[in-house]
Amino acid sequence: MLLRILVAEHLPLVRRGLVASLGAEADLEVVAEVGNGQDIVPAALEHDPDAAVVDLDLPGLDGLSAAARLREEVPGCRVLILSAQPNPGQVRRAFEAHAVGFMSLDVAPERLAEGLRAMGAGGRAVDSELAVAALESAANPLTPRELDVLRVAAGGARSTEIAGELFLSVGTVRNHLSRIMCKTGARNRLDAVRIASDSGWL
């Protein structure tokens, strides 16, 4: 069975390497390659691939958002996300976006090809250590409002700016930040942002 593949990677050298390694497999055919997240769905609609290999950090539209759009507009195309710095939170978010594969960007070419074949057969393609880490990572302890505060804080906003954006008092914002740091065990708000991002809560 010939699998038709779309490759989405913004770095030309990496993209060409992916296209060359996948194209060397007798049962894989790269039918489209793009360097911008916004181009993924139009290319998939035009070429009707069986699977898409998508970099997590694409310009225009990130890989997870692109995976979610592909699910809606080209449901027959199964998505494998590649990440330069994979962590359990990314794995969970990828599956929430309906991706069925997740691997490190430094995966061996033959392992990537094996993963795509598994996806073509209806399975998943995930690094086993990442999958276990994602299952074992802690559940989100933050309330929706605390997440709102932390998202605004992640942009570097001060307490007064967070209060203004979320229509809260400065005291309420400080209380939220205090509870966030207590729940996450963070040293400060930047550390809390890092912990929440790595855990997939943001």
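Let's start with the strand. β3 is covered on both faces: Ala 51, Val 53 and Asp 55 are buried on one side, Ala 52 and Val 54 on the other. Buried means under 20% relative accessible area, with a 1.4 Å probe and protein chains only. In a regular strand, side chains alternate between the two faces of the sheet.

A word on the source. This is a predicted model, where local features need pLDDT of at least 70 and side-chain atom pairs count only at pLDDT 80 or more, while totals for chains, interfaces and linings use all residues. Numbering starts from 1 along each chain as its sequence is written, and side-chain values use heavy atoms, leaving out hydrogens and water.

Strands are DSSP runs of E, at least two residues; helices are runs of H or I, at least four. Pairing takes at least two DSSP bridges. β1, residues 3-8, pairs with β3 in the parallel sense over four bridges. β4, residues 78-83, also runs parallel to β3, joined by five bridges. Val 53 faces both ways: it stands opposite Val 7 and opposite Leu 80 in β4.

Next, the helices. How do α7 and α8 cross? The axes of α7 (residues 144-154) and α8 (residues 159-166) come within 10 Å and cross at roughly 125°. The contact, heavy atoms within 4.5 Å, uses Arg 145, Asp 148, Val 149, Val 152 and Ala 153 of α7, plus Ile 162, Glu 165 and Leu 166 of α8. Those residues divide into five nonpolar, no polar and three charged.

How values were computed. Axes are lines fitted to C-alpha atoms, for helices over the stretch in contact, and angles run from 0 to 180 degrees between N-to-C directions. Ala, Val, Leu, Ile, Met, Phe, Trp, Tyr, Cys and Pro count as nonpolar, Asp, Glu, Lys and Arg as charged, and the others, Gly among them, as polar. Buried means under 20% relative accessible area, exposed over 50%, partly exposed in between (1.4 Å probe, protein chains only).
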